Amino acid sequence: MICIKRMVFTMVFFSNFVFANYSIYEGTIDKYKVEFYFDAFYKDDINIIYIDNKTYEPKQLNSTNKYQNDKSIIFNIPETNFSTSSIDTIVIKNIDFDEDSTIIFNKTLECESKLYGTFKLNKKFDYDFKTHVNAVDHNLKLENNVEFNNVEIIQRESTKDYYFKTIISKKKGEFLQVVGINIYRKKDGSLFQTINNLKDFGFLSFTSINTDRDANFDGKDNDFYISKTTESLNERNIIDAYYSYDKKQDKFVYLNLTGRFIAFDSEKKTAEKVKYCPKDYFNHVILTDLYQYTDKKKYTLSNSECKFEKKSEDNNKLLFTRQCNNEERKFCINASELLIDDYFD
């Protein structure tokens, strides 16, 4: 069976990763510690990931779009992510907004649970892009002195046995970067593994990590991929690096597979990666690499093909295709997958 990975990053569930405010709150509901992670900007654009130390199951709260006295906001805690059935209703009573409807995060949030009554959330961290981004400059070079290191941000998706928090840092004048991943056990919330020294992974809110691929073909829910993108408004430029749990080593390992357009074949245990390398609008080099999953729990390159395409300037019709020469192959090998769509903006 072939599973094709064609990921186009859309903002259905979250604010633009550049223009958003991120805050972390902690509190106690009944006897359980709770964490609320906010990705929010405008009044009607508030996204919350919730986790407690009862189930250790990250959940995206479902907004009811209902307000009380123009301040109190009502959310439902779903039974599972995106389900219509709810296990509780949370009212956040004192969220404030500026005149332009952008959100203001107070130090303490007064809340009420339908099941457990009133509780408070205390702010542990916040970063407000609104006050730090030069929105006039489309290259978004930050003009600020804000910096911090190793802040954990929950990820919405998880596996059967583990959940994830990205470790983010920020240097002066730069964007948030994912520098590592903390992997936690769901059975007790204990830290299972830390993956360090990630490079060039721009922060993608609660969707930096996804778990919808069985990349090692074992039929178990024990895989994830982390996405990276450019520091631009072009949200389509995303490539993914794949990891799986290795029982023998008792840890998650990198599978030696990173790419943007990947088709998995579970019968052959292969991954076909297609890399598009525009030389300009009408001349493209396309490199197709076939990777075989091996007994060493890694992907190895088994075949590589390269072709050159030329299209007409008037109607973008394909004029001809041929095998690449050595110069064109080297060009595509060295080209950045993160910059492909810059030719089409």
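## Basis of the description

Two strands are said to pair if DSSP finds at least two bridges between them, and the strands themselves (E, at least two residues), like the helices (H or I, at least four residues), are DSSP runs numbered from the N terminus. In that sense strand 13 and strand 14 (residues 162-170) pair antiparallel over five bridges.

The structure is a predicted model, in which local features need pLDDT of at least 70 and side-chain atom pairs count only at pLDDT 80 or more, while totals for chains, interfaces and linings use all residues. Residues are numbered from 1 along each chain as its sequence is written, and side-chain values use heavy atoms, with hydrogens and water left out.

## The chain and its confidence

The chain has one helix and 25 strands. Of its 345 residues, 52% count as buried, where buried means under 20% relative accessible area, exposed means over 50%, and partly exposed lies in between (1.4 Å probe, protein chains only). The accessible surface comes to about 17500 Å², of which 46% belongs to carbon and sulfur atoms; such areas come from the Shrake-Rupley method with a 1.4 Å probe, and for residues only the protein chains shown count as cover. Among contacts (heavy atoms within 4.5 Å) between residues at least 6 apart in sequence, 47% join residues at least 24 apart.

The predictor's confidence in each residue is given by pLDDT, from 0 to 100, and the chain has a mean of 85, with 83% of its residues at 70 or more. Confidence is lowest in strand 1 (residues 2-6), at a mean of 47, and highest in strand 16, at 98. Over residues 4-18 the pLDDT stays under 50, and the model has 59 contacts beyond four places in sequence for this stretch. The pLDDT is also below 50 over residues 135-143, a stretch with 18 contacts in the model beyond near neighbours in sequence. Where pLDDT is low, the predicted coordinates should not be read in detail.

## Strand 8 and its partners

Strand 8 (residues 86-92) is mostly covered, five of its seven residues being buried. Strand 7 (residues 72-78) runs antiparallel to strand 8 and is joined to it by six bridges, and isoleucine 73 stands opposite isoleucine 92 in strand 8. Strand 11 (residues 108-113) is also antiparallel to strand 8, with three bridges joining the two; here isoleucine 90 has serine 113 in strand 11 as its bridge partner.

## Aromatic pairs

The structure holds 28 aromatic pairs, counted where rings of Phe, Tyr and Trp (its six-membered ring) have centres within 6.5 Å, with planes under 30 degrees apart called stacked, over 60 edge-to-face and the rest tilted. Phenylalanine 125 and phenylalanine 148 form an edge-to-face pair, at 5.1 Å centre to centre and 80 degrees between the planes. Because phenylalanine 125 lies in strand 12 (residues 117-128) and phenylalanine 148 in strand 13, the pair ties together parts that are 23 residues apart in sequence. Both phenylalanine 125 and phenylalanine 148 are buried.

Phenylalanine 192 and phenylalanine 252 have ring centres 6.3 Å apart and planes at 85 degrees, so this pair is edge-to-face. Phenylalanine 192 lies in strand 16 and phenylalanine 252 in strand 20 (residues 251-259), so the pair ties together parts 60 residues apart in sequence. Phenylalanine 192 is buried with a relative accessible area of 14%, and phenylalanine 252 is buried with 3%. Ring pairs link Tyr162, Phe164, Phe192, Phe224, Tyr243, Tyr245, Phe252 and Tyr254 into a cluster.

Glutamate 309 lies in strand 24 (residues 299-311) and is buried, with a relative accessible area of 12%. Not counting residues up to four places away in sequence, glutamate 309 touches Phe282, Asn283, His284, Ile286, Leu318, Phe320 and Thr321.

Glutamate 272, in strand 22 (residues 270-278), counts as partly exposed at 35% relative accessibility. With residues up to four places away in sequence left out, glutamate 272 touches Phe261, Ile262, Ala263, Thr288, Asp289 and Leu290.
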